[in-house]
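I opened this entry to keep a record of what I looked up, item by item. The chain and its coordinates come first, then my notes.

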Amino acid sequence: MSERSAARTAVRWRRVVAAVTAGAVLAAAVGGAAGATAPAAPDQRSTATVLQHGLDDLHDLGVSGTQGLVRDGHRVTVARSGVADVENGAPMPIDGYFRIGSETKTFVSVVLLQLVGEGRLRLDDPIERWLPGVVDGNGNDGRHVTVRQVLQQTSGLYDPTGDLDALRSADDFLAHRFDHYTEAQLVATAMRHPPLFAAGTHWSYSNTNYLVAGMLIEKVTGHRWHSEVRARILKPLRLTDTFYPGDRPTLPRPHAEAYQQFAPGEPLVDTTVFNPTVAASAGGLVSTTTDLARFWQALGRGQLLRPAQLAELHQTVLAETVQGVRPGIAYGLGIMWIPNRCGGYWAHFGDMPGMSTLNAVSPDGRRSAVFYRATVLADPERASAVMQREMELLDDLICD
């Protein structure tokens, strides 16, 4: 993927691929970050100190503001760094609202797996069975793409994010930030392109998969995907600050302003206000660190899925295109496995214009960590340094 392509998309893993392609830059960033930080072993410092130090490092690397939360059982640790608004210097909110981007995918996958557990569809059903004619044209064929392959990002379906007007450049964003999209429109855009590979033969991250997944939920249940997320996940867990805003372009208060650098060398653009239907079921939810940490703990503890479906969630394949970030990264059904020095953790990453969130949950669901930043950078060296510091911080928090 070219540097320019990475700068035109707000999807984290397309940025990661760009950073991996620039291997020398990534290696320099990793070495530089390690040399500059040289943190003490996590067990020598409190969770609060580790979290605060990591967030301060992200601020020093060019992030306007960042906030994080760790749950260990019912014990909660929070921290923040930087400002919520570069114009007036207001402090970051302790538990502000933000767009969670692709972490939405895990919620959508859980709903579909619940439906599988209820016998309402099967993971090996072809997409064509449920959505006739939707995955079709230019070599795309829903008869040969299954529900499992969609959830696991092995379908080969093209990701149309770079084709969308609002995400191409700063000028395009300002001109198109209030555009409305539907899942069907976004999938149709993807169908203008041939598949990247035959379904099931490789792995490649694509928002199209979870746009299709959102359409599947509606077809099977008769309700919109976000209505099912609310009924099946948000209400039972009492996640009252998580929701899909639809066409609403603003965030509730409190929140930080979001800042996006659309191309290397360009200034930051305030991207706080825009229509999130551009991401829909692939990334449209809004939440808080408190709600997300509780969600990930509940998922890790088996509170949302039956054992058989939880096992399916955790059936992973190698995430081929991001091995340069960390060898062994694997993808399940809307969830990632990130290996680290104490074994590994389950996670997902999420980007929307100007906002980025990461999380980690221990395999037993006891400990979860969530943080977000209100700046997304396009300069490869700076973006890589931020990403590596984030992953180092998650390691320290989960292995503490």
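In which helix is Leu-174 found? I located Leu-174 in helix α8, residues 170-176; helices here are DSSP runs of H or I with at least four residues, strands are runs of E with at least two, and both are numbered from the N terminus. The model is a predicted one, where local features need pLDDT of at least 70, side-chain atom pairs count only at pLDDT 80 or more, and totals for chains, interfaces and linings use all residues. Residues are numbered from 1 along each chain as its sequence is written, and side-chain values use heavy atoms, with hydrogens and water left out.

**Leu-174, continued.** I looked up its accessibility: Leu-174 counts as partly exposed because its relative accessibility is 48%. The classes are buried under 20% relative accessible area, exposed over 50%, and partly exposed in between, with a 1.4 Å probe and protein chains only.

**Totals.** I counted 14 helices and 16 strands in the protein. Of its 400 residues, 60% count as buried. The accessible surface is about 14300 Å², and carbon and sulfur atoms hold 51% of that; the areas come from the Shrake-Rupley method with a 1.4 Å probe, and for residues only the protein chains shown count as cover. For contacts (heavy atoms within 4.5 Å), I took those with a separation of 6 or more and found that 71% join residues 24 or more positions apart.

**Helix α12.** I noted that α12 covers residues 289-300, has 12 residues and reaches 16 Å from its first C-alpha to its last, close to the 16 Å expected at 1.5 Å a residue. The expected span is 1.5 Å times one less than the number of residues. How many of the residues of α12 are buried? I get 10 of its 12 residues, which leaves the helix mostly covered. Among the buried ones are Leu-292, Phe-295, Trp-296 and Leu-299. An α-helix has 3.6 residues a turn, so residues three or four places apart point the same way. Just after α12, Gly-302 has a positive phi of about 80°.

**Backbone entries.** I looked for positive phi in residues other than glycine and noted Asn-138, with phi near 55°. Asn-138 sits in the loop between β4 (136-137) and β5 (140-141). Arg-238 is another such residue, with phi near 60°. Arg-238 belongs to the loop between α11 and β6, and it counts as exposed because its relative accessibility is 65%. Where does Pro-254 lie? I placed Pro-254 in the loop between α11 (225-237) and β6 (259-260). The peptide bond from Arg-253 to Pro-254 is cis, with omega near 5°.

**Gln-323.** I found Gln-323 in the loop between β9 (317-318) and β10 (330-331). Is Gln-323 buried or exposed? Gln-323 counts as buried because its relative accessibility is 19%. A polar atom of its side chain lies 2.9 Å from the backbone oxygen of Ile-329. Leaving aside neighbours within four places in sequence, Gln-323 is in contact with Leu-318, Gly-328 and Ile-329.

**Salt bridges.** My criterion was a side-chain nitrogen of Lys or Arg within 4 Å of a carboxyl oxygen of Asp or Glu. By this rule I count 20 salt bridges. Arg-143 pairs with Asp-141, the closest N and O atoms being 2.7 Å apart, and Arg-143 is exposed because its relative accessibility is 57%. Asp-165 and Arg-168 meet at 2.9 Å, N to O. Asp-165 is partly exposed at 26%, and Arg-168 is partly exposed at 32%. Arg-382 and Asp-379 meet at 3.3 Å, N to O. Here Arg-382 is partly exposed at 35%, whereas Asp-379 is buried at 17%. I also noted one network, in which salt bridges that share partners join Asp-72, Arg-75, Arg-366 and Arg-367.

**Surface patch.** Which residues make the nonpolar patch of about 210 Å²? I noted Val-76, Val-78 and Ile-94. Patches take residues with over 30% relative accessible area and no salt bridge, joining like charges within 9 Å and nonpolar side chains (Val, Leu, Ile, Met, Phe, Trp, Tyr) within 5 Å. Ile-94 is in the loop between β2 (75-82) and β3 (98-99), and it is partly exposed because its relative accessible area is 38%.

Definitions and conventions:
Polar contact = N/O pair within 3.5 Å; in protein donor to acceptor, adjacent residues only side chain to side chain.
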